[in-house]
Amino acid sequence: MICFCADRFPWRRMWQIPGELLLPGLPDMATRALLYRRPAEPSTLVVRHGSQFFSVKLRRHRRARRYTLRIHPTDREAILTMPPRGTIAEAREFANMHGGWIAARLGRLPKAAPFQPGTVIPLRGVAHRIVHRNGERGTVWTETRESGERILCVAGGIEFTDRRVHDFLKREARKELHRASHAHAEALGVRVKRVSIRDQSSRWGSCTSAGSLSYSWRLILAPPFVLDYLAAHEVAHLVEMNHSPRFWRVVGRVCVHVERAKIWLDTHGNDLHRYGIED
């Protein structure tokens, strides 16, 4: 009978201090990936509040220090952010504790306004009713009726109305934000590298130190002074990459309606997220 003996492998120590004991033949990052790999976990939880049931999307974030909940205004769902070492059990407990908050916030969301014939949407802050023009050439254009009503005309098949209105608004937003961004950049003596348009839900715009600006296309729904302020705000970050008093002085040099635009966004900004979505 042959016996083989070996020292006990220090698994506990390896888990606590993985950098000290790497697996032979594997690079450091690969070892860490094996050590910290989690089993598959659910992407959503179901929370009950009274007779109502709500789906809560789970997200881990490496910089999160605690569990947090927020409501996505366009997807109309609750999102629970978990810290790296958080557990599903703790996440479920946290979500259930805040079932009333989820129900209240979702219940206060403004009514959805899909891009379909008959829907009234703001274009540059002015109400326009979507009208389908079957059989006419073109894609999307604006008209004013004899009554003074502004309308947004959409040609082609009615099933393409939503996509064509989305495309039209994004084109208009890109044109206006490109113009405003470059005008403010010239006034401040900085260079804009790229302007992109997205459907951002947590912010109206963003700026990188390399000069790339990104905006929400929904700004074309707001009055022009709001769009101009957001363009000035993001371009000013190319001078001051912070929100210090110096930054706000830079914004004020190129935009005279800062406070007016901030008040409008605080009052009406959330309402812009209801356009172009289904209930």
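## The chain as a whole

Of the contacts in the protein chain with a separation of 6 or more, 48% join residues 24 or more positions apart, where contact means heavy atoms within 4.5 Å. The structure is a predicted model, in which local features need pLDDT of at least 70, side-chain atom pairs count only at pLDDT 80 or more, and totals for chains, interfaces and linings use all residues. Residues are numbered from 1 along each chain as its sequence is written, and side-chain values use heavy atoms, with hydrogens and water left out.

The protein chain has 8 helices and 11 strands; helices (H or I, at least four residues) and strands (E, at least two) are DSSP runs, numbered from the N terminus. Of its 279 residues, 43% are buried, buried being under 20% relative accessible area, exposed over 50% and partly exposed in between, with a 1.4 Å probe and protein chains only. The chain exposes about 17000 Å², of which carbon and sulfur atoms supply 51%.

## Helix α6

Helix α6 covers residues 224–236, and its end C-alpha atoms lie 18 Å apart, which agrees with the 18 Å that 13 residues should span at 1.5 Å a residue. The expected span is 1.5 Å times one less than the number of residues.

Because 12 of its 13 residues are buried, α6 is largely enclosed by the rest of the structure. Among the buried residues are Phe225, Asp228, Tyr229, His233 and Glu234. The buried residues pack against helices α5 (161–188), α7 (245–254) and α8 (258–268), and against strands β10 (205–207) and β11 (212–216).

## How α6 meets α7

Two packed helices are described by the angle between their axes and the distance between the axes. For α6 and α7 the angle is about 135° and the axes are 9 Å apart. That makes α6 oblique to α7, since angles under 35 degrees count as roughly parallel, over 145 as roughly antiparallel, 65 to 115 as roughly perpendicular and the rest as oblique.

From α6, the residues Tyr229, Ala232, His233 and Ala236 meet Phe247, Trp248, Val250, Val251 and Val254 of α7.

## Val154 in strand β8

Val154 belongs to strand β8, residues 150–155. Its relative accessibility is 0%, so Val154 counts as buried.

Leaving aside neighbours within four places in sequence, Val154 is in contact with residues including Ile130, Val131, Val140, Arg164 and Val165. Val154 and Asn134 are 20 residues apart in sequence, and their C-alpha atoms are 7.9 Å apart in space.

Definitions and conventions. Accessible areas come from the Shrake-Rupley method with a 1.4 Å probe; for residues, only the protein chains shown count as cover. Axes are lines fitted to C-alpha atoms, for helices over the stretch in contact, and angles run from 0 to 180 degrees between N-to-C directions.
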